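Open the model in your viewer and keep the selection tool ready.

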Amino acid sequence: MSERTRCGWVNEDPLYLVYHDEEWGVPVRDDRKLFEMLVLEGAQAGLSWYTILKKREAYRRAFDGFDPERVARYDEQKVASLLQDPGIVRNRLKVRAAVGNAQAWLDLWEAGVDPQAFLWDFSAGAPVVNDWQRLEEIPASTPASEAMSKALKARGFRFVGPTICYAFMQAVGMVNDHTTRCFRWKECRALAEEPR
């Protein structure tokens, strides 16, 4: 067991430790990575993130590396094959939402809207550094995630409720919600202060 103090939601699985220690809360500006996390956070609805994390590599294979242009072209035959894939969550609504969200992602581009900039606008373009001391203090959603949810739904996205959007914002570093006792809080705060 590591001697480092971490957020209370992390278990001792090396996969989870690496995710917490190296990825969660780190600002992401890459379009494909943002799309991936939006789809995976939607897939998480009603489940634990740990469940999705264990399936992430299978998701990457099944969804063509989360290339929105490819996913947007999935037809009924492809959706049917995905629903037979034991490596992912075989929920018809979630799979169809992933395809629809890829189409909505491309629609943003076609409308002259950069998805990365569109999403980051909900944190004013830079990470918000919170100073939660205990896990219980961290909200499930915020006015910013509620606004993101409303804007995404208006653009045709699904499985993007305020709680899902807030989990997405945490994961991609739009907010630093590591607790202040966690060793990553200071590291992610420093990342937030770096010029873009």
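Select Ser149: this residue is buried, with a relative accessible area of 2% (buried means under 20% relative accessible area, exposed over 50%, partly exposed in between, with a 1.4 Å probe and protein chains only). This is a predicted model, in which local features need pLDDT of at least 70 and side-chain atom pairs count only at pLDDT 80 or more, while totals for chains, interfaces and linings use all residues. Residues are numbered from 1 along each chain as its sequence is written, and side-chain values use heavy atoms, leaving out hydrogens and water.

Ser149 sits in helix α8, residues 143-154 (helices are DSSP runs of H or I, at least four residues, numbered from the N terminus). Now show the backbone oxygen of Val160: a polar atom of the Ser149 side chain lies 2.7 Å from it.

Next come the salt bridges, 11 by count (a side-chain nitrogen of Lys or Arg within 4 Å of a carboxyl oxygen of Asp or Glu). Select Arg6 and Asp21, whose side chains form one at 2.5 Å, N to O. Arg6 lies in the segment before α1 (14-23) and Asp21 in helix α1, so this pair ties together parts 15 residues apart in sequence. Both Arg6 and Asp21 are buried.

Move to Asp67 and Arg32, a salt bridge at 3.5 Å, N to O. Asp67 is in the loop between α3 (49-62) and α4 (68-72), and Arg32 is in helix α2 (residues 31-44), so the pair links parts 35 residues apart in sequence.

How values were computed. Helices (H or I, at least four residues) and strands (E, at least two) are DSSP runs, numbered from the N terminus. A polar contact is a pair of N or O atoms within 3.5 Å; within protein, one must be able to donate a hydrogen and the other to accept it, and residues adjacent in sequence count only if both atoms are side-chain atoms.
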